[in-house]
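Biologist: Could you walk me through how to read a few features of a model, one at a time? I would like the general idea and then the case at hand.

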Amino acid sequence: MIEKTTVAVIGAGPTGLLLAGDLARAGVDVTVLERRGTESNLTRAFGVHARTLEHLDARGLADEVVAGGAPVRRLRLFDHLGIDLATLPSRFPYLLITPQYNVEQVLEKRAIAAGARVVRDAEVTALRQDADGVSITVGGAVVRSDYAVGADGVRSVVREALGLPFPGKSVLTSIMLADVRLTDAPEDVLAVNAVGDAFAFVAPFGDGWYRIFAWDRRHQLPDTAPVTLDEIRAVTRRALGSDFGLQEARWLSRFHSDERQAPHYRVGRVFLAGDAAHVHSPAGGQGMNTGLQDAANLGWKLAAAAQGWAPDGLLDTYEQERHPVGRLVLRSSGAIIRLAMVKSRVGRLARTVVGGAALRLPPVARKAAGTISGIGIDYPHAPRAHDVELRDGRRLYEALRDGKFVLLAPEAAGPAIVGREDRVVLAPPADAARPWSLVRPDGHVAWQGGADTLHAALTSAV
């Protein structure tokens with residue numbers, strides 16, 4: 001076990017691995033501490049949304065992840081209601097169906113190649129901080145770090161060590177999970193529906209196995225109760241009209257779904273990200289995506305602090321920007337699951353009629369697609385940057401792969417970044433009429449203006 005690292009990331013799930021890769025790419029000494037001894041192929045997340053794919057694109061990973069998944073351009077919620085993703089203003093106008101462990105493998109390979117250490121069988125049991133750093137107890141050893149990030153899930157040891165509450169409540173109990181073989185594949189890549197007293201979700205692993213999520217209002221049992229194939233078959237038939245010839249299972253389990261959010265994402269030198277900071281229903285496939293977007297926001301800021309050039313207050317902007325997004329995701333995923341749980345026939349009819357009418361209105365449809373995909377989520381002073389074409393034939397998100405700020409401006413702006421070349425790259429846009437823009441490493445616009453305000457913008461940002 002190492003004794004010292006600049007940044008300790010607790011948890012080797014997608015959130016922790018993306019963060020570690022970003023820090024290592026920036027030259028920061030980073031160690032990931034993971035209690036699991038081996039990589040797990042058990043997964044709850046199956047969907048990678050458009051904004052997350054843009055973040056992966058900015059790291060040169062999106063094409064590899066997309067190659068191992070299947071796109072869904074219309075996300076069906078229940079009955080005949082769905083959200084059209086095909087018109088999203090993104091290179092990725094769809095939800096990509098691929099198991100979480102596929103994403104984890106790509107992220108871990110990148111993190112290790114960049115120089116991050118991933119230490120397994122390293123269960124963190126305690127954490128304390130002082131003015132100079134953080135002491136992390138791992139087994140009988142203590143790891144010292146300048147900063148620490150808890151990406152260790154809903155039962156976060158880091159969050160508990162900070163004394164932070166995790167207020168909220170359970171939304172659904174007795175959700176059944178099963179990895180199964182089917183003799184008749186569903187017509188759509190993703191099969192999902194809710195009928196008041198039951199819902200089911202079927203997604204492919206891509207290797208002949210399928211994951212089923214199923215819930216039965218009539219039969220609520222504790223998480224420890226065993227799950228049978230007959231239960232899964234019955235609920236799937238009620239919700240989807242077929243059990244698709246379900247034949248065998250390699251894994252069965254039961255869990256409950258909570259809606260919770262920590263009041264703070266930063267306490268001194270310690271940060272929370274992913275499920276350690278917020279957890280919500282699986283509706284809309286938001287969990288892994290929100291965590292990855294947390295990591296994309298935090299990584300470059302933490303690297304700037306570790307390297308000594310972060311502007312005053314930069315680390316505070318992580319919580320300022322991401323806490324409201326976590327709250328929004330709790331509300332949106334909660335609304336979907338509550339609509340799915342409407343019990344009465346009249347209520348379900350109203351859901352279909354009213355929801356269908358609303359989603360036929362273009363502004364409502366755009367808002368729904370933008371929220372669930374993440375494409376429509378901006379920060380108050382830093383909107384999402386569109387993936388514009390550059391004069392050299394590349395795209396903006398390709399220019400972001402160095403992990404630096406990108407200045408979209410003509411060559412004449414070059415002298416302004418002298419002395420900052422380690423943090424800013426100049427990328428003239430193909431459209432010379434575009435306003436000059438300074439794009440942050442996480443793909444959000446830090447500034448837009450002209451030559452007269454560029455120096456002040458660079459001074460305040462980098």
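Biologist: Which residues is Ala148 in contact with, leaving aside its neighbours within four places in sequence?

Modeller: Contact here means heavy atoms within 4.5 Å. By that test, and with neighbours within four places in sequence left aside, Ala148 is in contact with Ala8, Ile10, Leu127, Val134, Ile136, Arg269, Val270 and Phe271. A word on conventions: this is a predicted model, where local features need pLDDT of at least 70 and side-chain atom pairs count only at pLDDT 80 or more, while totals for chains, interfaces and linings use all residues. Residues are numbered from 1 along each chain as its sequence is written, and side-chain values use heavy atoms, with hydrogens and water left out.

Biologist: Is Ala148 buried or exposed?

Modeller: Buried means under 20% relative accessible area, exposed over 50%, and partly exposed in between (1.4 Å probe, protein chains only). Ala148 has a relative accessible area of 0%, so it is buried. It lies in strand 11; helices (H or I, at least four residues) and strands (E, at least two) are DSSP runs, numbered from the N terminus. Strand 11 covers residues 141-150 and also holds Val142. Val142 counts as partly exposed because its relative accessibility is 47%. Its contacts, again leaving aside neighbours within four places in sequence, are Ile2, Glu3, Ser135, Ile136 and Thr137.

Biologist: Where do the buried residues of helix 12 fall, seen down its axis?

Modeller: An α-helix has 3.6 residues a turn, so residues three or four places apart point the same way. In helix 12 (residues 451-461), the buried residues are Leu454, Ala457, Leu458 and Ala461. They fall within an arc of 95° (taken from the directions from the helix axis to the C-beta atoms), so they line one face of the helix. These residues pack against strand 20 (405-408), strand 21 (424-426), strand 22 (436-439) and strand 23 (445-449). The face turned away from the buried side carries the exposed Asp452, His455, Ala456 and Ser460.

Biologist: How is a pair of packed helices described?

Modeller: By the angle between their axes and the distance between the axes. Axes are lines fitted to C-alpha atoms, for helices over the stretch in contact, and angles run from 0 to 180 degrees between N-to-C directions. Helix 1 (residues 14-25) and helix 4 (residues 100-114) pack at about 25°, with axes 8 Å apart. Helix 1 and helix 4 are therefore roughly parallel (angles under 35 degrees count as such).

Biologist: And which backbone angles deserve a look?

Modeller: Most residues other than glycine have a negative phi. Asp121 has a positive phi of about 55°, in the loop between strand 8 (117-119) and strand 9 (124-129). Phe244 also has a positive phi, near 55°, and its place is in the loop between helix 6 (229-240) and strand 16 (246-261). Asp121 is exposed at 63% relative accessibility, whereas Phe244 is buried at 11%.

Methods. Angles under 35 degrees count as roughly parallel, over 145 as roughly antiparallel, 65 to 115 as roughly perpendicular and the rest as oblique.
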